[in-house]
Amino acid sequence: MTATPNHTPQDTRHDAQHQERQQQGNTQHQEQSKVQGAEQDTAQNPARRPAPGAAVDYDIAICGAGPAGMALAALLAKRGVAPGRIVLVDAKTLEQASRDPRTLALSHGSRQILEQVGAWPLACTEIHQIHVSRRGQFGRSLIDRSEHHVPALGYVTRYGDIVTALGAVCQRAGIAALRPARVLGCVEQAGHVELRLAGDEPGADADGAGRPLRAAIVVQAEGGLFDEQESRSQRHDYQQTALIAEVRSSAPIPQRAYERFTEQGPLALLPQDGGYSLVWCARPDTARELLALDDAAFLAALGQAFGGRLGQFTHVTPRLGFPLGLNAGERGSARTVAVGNAAQTLHPVAGQGLNLGLRDVSVLARLLAQGATPAMLGQFNGLRRQDRALTVRLTDTMARVFANDSPLQALLGLSLAAIDVVGPARGLLAELMLYGRR
Ligand SMILES: Cc1cc2nc3c(=O)[nH]c(=O)nc-3n(C[C@H](O)[C@H](O)[C@H](O)COP(=O)(O)OP(=O)(O)OC[C@H]3O[C@@H](n4cnc5c(N)ncnc54)[C@H](O)[C@@H]3O)c2cc1C
């Protein structure tokens, strides 16, 4: 979504793609859910229908109540912004969002942000060590939490648990949430931004749009996945699909995560509930073949790619594929600003996307609590430039250089097996870990 007239954000094609993913992975939850919790509460909220002629309906409208958007709303309230001046708008109900099947590794810094707003503790598994290896090479390396002086290198959590906890925090704080309500576009005007919403708003016009909502500042937190997004200035399709599932093995090692570089992309196993959450990145054609395998054949293929250090893989849940790319670049205008995946979508190697997004919202909340003004948005972009650029560069380097079809390796006439991947990858991972502490 950009602040231009008649702009249509991620359209129905993307809805269909996402729904398809959701359905594949969640056959047990196919019924259309009821609107519950925060959205039920706020649908009755009189702040939703402000007096005609009021200059703005809200000081801050947050488009997208994913983890980044809701964390921002909660931090703003915590920092003293009147909850009645904040509105969250999301195309999905909280219940629908809570069914997202992703597992996310959160950094120590992200845990601290969630703690600040009361959305922690969450159900999670601590990572104490990360084992880095390369398929076809003997080298391996272990990163240990003691090197970084943190209680854990990361916390393995479920997307659904994060949004459920943040949804409850926002509801308790009395923050209005319009959901399900899709933002169709926004138009910046002198002194405010008008958002066009679709949904069941009374007075919807011919194309289904409801009455515009006016806010002094609009935060774009509508995130989404690489293949659903408009192009930004830094865009690269890695030609990889991340295949996710939960797996079990016969000899798990508690609290140890694995990052293994293969010819086609990284394969990560994150410890979770006695088993592992798998993120296996492979070329799209291979990923399609892997998705089509039955459980036994899939477990055998995984064993071949990962090796035997966790014994035999014994169980796997339904698999899902996510196309991967980098899509980043500063966006926004005088009165609009982007955070989280709406600002930068990364390759999931090293699990940095939401961690970076939470650092965005932590800084933005501090600034907007001083005043919901264009000047604060200007400061925000300046303050976030370095961290964003470094995180993009490190994850992009890992995703590109350590895949066998990297043009750099072709240029140098190298095959991945011939270069030391483990040492540099360990260094980059450790650097990201240190960044994640903040
Ligand atoms: C396979 C995989 C593994 C990952 N692993 C990790 C990890 O280990 N650690 C980590 O930190 N990150 C990880 N990530 C990245 C992480 O999932 C994202 O960075 C994070 O979800 C971004 O949060 P967000 O709130 O910005 O956006 P989203 O989670 O995409 O939420 C956006 C919200 O906006 C709503 N929305 C969209 N369009 C509209 C509209 N027009 N109107 C109204 N609402 C709208 C959506 O319904 C949604 O609720 C991973 C990603 C993938 C794909």
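**View 1. Helix 3 spans residues 67-78.** Helix 3 has 12 residues and runs 16 Å from its first C-alpha to its last. That is close to the 16 Å expected at 1.5 Å a residue. The model shown here and in the other views is predicted.

**View 2. Helix 3 is largely enclosed by the rest of the structure, because 11 of its 12 residues are buried.** Buried here means that 20 or more other C-beta atoms lie within 10 Å of the residue's own. Among the buried residues are Pro-67, Gly-69, Met-70, Leu-72, Leu-75 and Leu-76. Ala-68, Ala-71, Ala-73, Ala-74 and Ala-77 are buried too.

**View 3. The buried residues of helix 3 pack against both strands and helices.** The strands are strand 1 (58-63), strand 2 (86-89) and strand 11 (213-220). The helices are helix 5 (108-117), helix 7 (159-173) and helix 10.

**View 4. Helix 10 (residues 353-368) crosses helix 11 (residues 374-401).** Their axes come within 10 Å and cross at roughly 160°. Angles over 145 degrees count as roughly antiparallel, so helix 10 is roughly antiparallel to helix 11. The crossing is right-handed.

**View 5. Residues of helix 10 and helix 11 make the contact.** Helix 10 brings Leu-356, Arg-359, Asp-360, Val-363, Leu-364, Leu-367 and Leu-368. Helix 11 brings Met-376, Gln-379, Phe-380, Leu-383, Arg-384, Asp-387, Arg-388 and Thr-391. Eight of these contact residues are nonpolar, two are polar and five are charged.

Notes: Residues are numbered from 1 along each chain as its sequence is written. This is a predicted model: local features need pLDDT of at least 70, side-chain atom pairs count only at pLDDT 80 or more; totals for chains, interfaces and linings use all residues. Axes are lines fitted to C-alpha atoms, for helices over the stretch in contact, and angles run from 0 to 180 degrees between N-to-C directions. Helices (H or I, at least four residues) and strands (E, at least two) are DSSP runs, numbered from the N terminus. Angles under 35 degrees count as roughly parallel, over 145 as roughly antiparallel, 65 to 115 as roughly perpendicular and the rest as oblique. A crossing is left-handed if the near helix is turned anticlockwise from the far one by less than a right angle, and right-handed if clockwise. Two residues are in contact if their C-beta atoms, placed from the backbone, lie within 7 Å. Ala, Val, Leu, Ile, Met, Phe, Trp, Tyr, Cys and Pro count as nonpolar, Asp, Glu, Lys and Arg as charged, and the others, Gly among them, as polar. The expected span of a helix is 1.5 Å times one less than its number of residues.
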